[in-house]
Amino acid sequence: MTRSVRTLAGIAVVALILGACAGGGPPGGGATQAPAAAAKPTYGGSIVFALEDDPIDFDPLRSRAFIDRNVHYQIYDSLVRIDETGKIIPWLAEKWDTSADGKTVTFTLRTDVKYHDGTAFDAASVKWNIDRYRTAQGSARSGELAPVESVTAVDPATVRFNLKTPFSPLLSLLVDRAGMMVSQKAAEAGGADFTRKAFKAGTGPFILTEAVKDDHITLEKNLDSWGKDKDGNKLPFLDKITIKPIRSSDVRFTNVRTGDAHVANNIAGKDIPTARAESGLTYQEKPAYSFRSLIPNRAKGFVFEDARNVRAVSMAIDRKELLEKGYFNLGVAGYGTIAPNHFAFDANFKPFEKPDVDGAKKLVAEVGKGPLKFQLLISSGDPVTLQIAQLIQAQLKKADITVDIQQLEFAQILDQQSKKTFKDMSFVGWSGRVDPDGNTYDHIYSARPFNDSSYSNKDVDRLLDEQRATSDQEKRKTALRAAEKIYVQDDPARVWLGHGAAQLLTVKKVNAPPVYPDQIVRFQFMSMPK
Amino acid sequence: MGTYILRRLVLMIPVAFLVTVIVFTLVRLTPGDPVLTYAGEERDPATLDELRREYGLDQPLPVQYVSWITHALRGDLGRSLRTRQPVTEAIVERLPATLQLGLTALAISVTIGVLVGTLSALHRNSPLDLLATGFTLAGVSLPNFFLGLILILVFSLAWRFLPPGGYTALTSDPLDNLEHLILPAITLATASLAVNMRQVRSSLLEVLSQEYMRTARAKGLRERVLVVRHAMKNALIPVVTIVGLQVGAIIEGAVITEQIFFWPGVGKLVVDSIAGRDYPVVQGVVMLSAFSFMLATLVVDVLYGVLDPRISYSRKSS
């Protein structure tokens with residue numbers, strides 16, 4: 001096992017070196033923006049999508065892996081969706097209305113929608129889906145939908161969500177898996193195998209027709225799709241999508257370069273200059289909702305129980321250098337949980353913009369327990385993570401902070417994190433959510449599931465509750481910003497390093513849709529001129 | 001012979017039982033929580049508890065074991081915790097790839113091993129012998145994860161001759177399948193080839209120095225008959241043992257090679273499953289691997305009797 005992990009690391013290193021050598025491709029278009037979509041898109045064509053892993057659960061109910069969503073978004077529709085700027089837009093629900101007390105949300109549904117298996121989509125179907133997500137065994141959605149007390153089908157086109165307390169992030173959750181609509185007939189017929197074989201189960205632009213584990217997934221055009229683009233053209237354009245799981249980023253990139261695949265949305269930082277330069281490719285990128293963070297164990301008796309130690313680490317880190325050398329400029333430097341495409345983002349909030357080595361030294365001296373020395377836990381078998389950890393180690397050295405890098409299998413890190421037994425700090429990212437609440441509440445609020453640093457701050461808890469209770473965006477923003485200042489600067493919960501990027505690499509002959517901050521490709525807007 | 005095989009098969013039952021207990025306990029001793037690993041970013045404690053209940057992981061270990069073993073006896077190895085795929089289906093799906101790779105590598109290592117080993121024993125200290133001995137040393141010393149990388153570097157990246165990894169089913173495109181097979185098969189074959197070659201050489205040398213060989217030679221037997229009929233038959237007994245164990249090890253032998261070349265076989269399945277703490281799948285693969293090992297040793301023992309008539313398993317003759 002160790003051997004094979006080392007093997008993988010070895011391959012990755014070799015690949016990295018080779019990739020770096022091959023970097024200087026011919027200078028070309030260097031396009032970062034998608035070409036303007038042609039006025040009359042062509043119908044037909046079949047494309048290959050190189051995905052970084054094999055999706056696990058096609059059933060949104062069970063789905064836990066980020067990767068699954070790449071398939072979900074093609075075969076299912078949600079009640080609402082986001083546009084490419086992150087704004088929530090009507091989807092299966094044409095409009096919605098939140099009551100004055102914030103405790104009921106009423107959705108008006110589209111009436112021209114049918115599931116792939118021919119059954120009708122209506123309010124009863126929404127109720128069945130939401131009840132299933134809330135109560136079915138093995139549901140990964142029950143936590144997200146916990147604020148929902150009940151769902152009422154008022155009439156076939158109207159459905160009402162009754163909430164236990166006002167809960168402003170509800171819509172943002174209905175954008176994703178908790179709001180995806182599945183055919184009751186298909187789910188019941190599929191039984192225990194449904195999550196592996198969710199054939200003809202959604203209302204989305206494509207129909208899942210074949211899924212061979214670790215090999216390929218076939219999606220075929222939904223001829224009865226209700227979707228239209230902004231020019232009124234019927235969606236989708238493509239006839240077929242073949243999804244191939246290719247775990248090695250080098251192989252993935254090579255496949256798109258050689259034209260064996262047409263689309264990929266996860267490209268290693270080192271390959272981006274080549275992707276931009278090569279004339280046969282179109283590369284797009286924008287900041288994603290994800291964040292990168294070091295998680296200190298702030299529980300009693302650990303080094304980072306003292307907030308000043310966390311702050312000292314945060315001060316001594318040079319995020320700009322980390323982004324350039326560690327992440328190959330992929331993503332942006334950042335300081336907290338709120339990402340550039342979140343409504344509550346403040347571009348002027350840069351508490352640790354420049355490293356402050358002396359300030360960090362002073363803080364450690366103030367703690368008065370001698371030089372700061374700690375263990376940094378990273379996932380083994382990933383050379384890029386190791387390089388970044390080593391860069392952090394070198395940066396902190398300048399402030400006389402000694403970092404001892406420990407590599408551990410990811411499963412073991414998760415275990416130690418959830419039991420809060422990890423010694424000092426661990427290095428684990430977060431894939432990001434549409435609403436800043438999804439990036440913050442469960443990570444920061446006392447005793448919430450992702451609060452791996454055992455952080456607890458009464459003021460932060462109060463502010464986070466406040467922003468959940470009001471649907472006034474400005475008020476939410478004020479509360480979220482006030483909270484972020486505390487958990488980043490005054491009493492830091494973690495050391496944030498920055499935000500990741502949403503990427504979309506396509507071959508030139510494909511008319512690519514814009515890239516979305518949730519990193520998911522919108523294939524229904526994609527076309528391939530002959 | 002028949003009763004002997006039957007007796008051996010019956011004796012396998014307690015061994016198999018012991019294996020199930022060990023496998024079951026060992027995978028659970030590995031630090032890490034399958035539910036937590038599978039849950040990934042959805043770590044709501046309520047959801048985690050519910051998953052544990054669904055998978056029966058909240059039950060005491062003995063209860064879990066009895067439930068697993070009673071199902072396994074009926075041929076149901078359970079479902080993967082991660083993908084919900086039945087374990088038997090997951091293994092059967094990947095078995096052809098592993099068997100193809102393992103058997104090809106074995107065929108390479110046995111044919112070349114016996115051939116070159118014999119030649120170098122007959123022509124001791126000749127240039128061929130020195131070359132073969134040198135290769136043996138290198139083959140045994142080179143770990144296959146390193147050899148695999150070197151092969152990829154040379155044949156895939158520098159010369160663009162063969163694909164660096166991947167797999168196409170033999171049934172869908174035989175030529176493409178062969179192209180993908182060459183590098184991993186060489187990688188996997190090298191270490192066992194070196195062992196086989198060395199074993200053939202040394203045991204043949206030993207037999208050749210026996211007195212009955214001198215007698216045979218003295219009575220004027222032709223060299224070819226001497227080597228093939230008299231020497232080889234006796235020299236092959238230790239080789240059969242080693243090759244037999246190699247056959248038994250096909251299932252787990254390719255774990256590393258499959259990782260390097262993205263070969264979607266059982267080895268890759270078990271590595272992914274260990275990383276994900278997918279207990280049922282790990283248990284299933286290890287069981288399969290243990291059984292194939294036990295069967296291989298049985299076949300080896302039976303072959304002893306065929307190769308050397310002095311070895312007999314029936315009680316009468318002993």
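Into which domains is chain B divided? In this predicted model, chain B is divided into domain 1, which covers residues 20-73, and domain 2, which covers residues 99-307. The C-alpha centres of domain 1 of chain B and domain 2 of chain B lie 37 Å apart, and the contact between them takes eleven residues from domain 1 of chain B and eight residues from domain 2 of chain B. On the side of domain 1 of chain B that touches domain 2 of chain B, at least two residues are supplied by each of α1 (2-29) and α2 (34-39) of chain B. The largest share of that side, five residues, comes from α1(B). When the residues of this side of domain 1 of chain B are sorted by class, five are nonpolar, four are polar and two are charged.

Of the 530 residues of chain A, 50% count as buried.

The confidence of the prediction should be kept in view when chain A is examined. The average pLDDT of chain A is 90, and 93% of the residues score at least 70. Over residues 1-38 of chain A, however, pLDDT stays under 50, although the model has 61 contacts beyond four places in sequence for this stretch. Where pLDDT is low, the predicted coordinates should not be read in detail.

Chain A is divided into three parts: domain 1 (36-54 + 213-288 + 502-525), domain 2 (74-187) and domain 3 (292-499). The centres of domain 2 of chain A and domain 3 of chain A, taken over C-alpha atoms, are separated by 33 Å. In the contact between these two domains, 13 residues come from domain 2 of chain A and twelve residues from domain 3 of chain A. The side of domain 2 of chain A that touches domain 3 of chain A is made up of five nonpolar residues, seven polar residues and one charged residue.

The two chains also meet one another, with 32 residues of chain A in contact with 36 residues of chain B. To the side of chain A that touches chain B, α1 (2-21) and α12 (410-419) of chain A each supply at least two residues, and the largest share of this side, eight residues, comes from α1(A). By class, the side of chain A that touches chain B contains 14 nonpolar, eleven polar and seven charged residues.

Attention then turns to the interior of the model. In soluble globular proteins, nonpolar side chains tend to be buried together. The largest nonpolar core has 137 residues, of which A:Ala312, A:Ala316 and A:Ile401 touch the most other members. When neighbours within four places in sequence are left aside, A:Ala312 is in contact with A:Ala360, A:Leu363, A:Val364, A:Leu372, A:Ala399 and A:Ile401. Another core, of 65 residues, lies apart from the largest one, and its members include B:Ala105, B:Leu183, B:Val247 and B:Val270.

Several local features of the backbone complete the description. The peptide bond from A:Leu235 to A:Pro236 is cis, with omega near -10 degrees, and A:Pro236 is placed in the loop between β9 (216-221) and β10 (240-245) of chain A. A positive phi, near 75 degrees, is found at A:Gln519, a residue other than glycine. A:Gln519 lies in the segment after β19 (501-507) of chain A, and it counts as buried because it has 22 C-beta neighbours inside 10 Å, where 20 or more are required. In chain B, a positive phi of about 65 degrees belongs to B:Asn125, which is not a glycine and which is placed in the loop between α5 (87-122) and α6 (127-141) of chain B. B:Asn125 has 9 C-beta neighbours inside 10 Å and therefore counts as exposed, the limit for that class being 12 or fewer.

Conventions: Residues are numbered from 1 along each chain as its sequence is written. Chains are lettered from A and ligands numbered from 1 in the order in which they are written. This is a predicted model: local features need pLDDT of at least 70, side-chain atom pairs count only at pLDDT 80 or more; totals for chains, interfaces and linings use all residues. Helices (H or I, at least four residues) and strands (E, at least two) are DSSP runs, numbered from the N terminus. Domain bounds come from an automatic or database domain assignment. Two residues are in contact if their C-beta atoms, placed from the backbone, lie within 7 Å. Ala, Val, Leu, Ile, Met, Phe, Trp, Tyr, Cys and Pro count as nonpolar, Asp, Glu, Lys and Arg as charged, and the others, Gly among them, as polar. pLDDT is the predictor's confidence in each residue, from 0 to 100. A nonpolar core is a set of buried Ala, Val, Leu, Ile, Met, Phe, Trp, Tyr and Cys residues joined through C-beta atoms within 7 Å.
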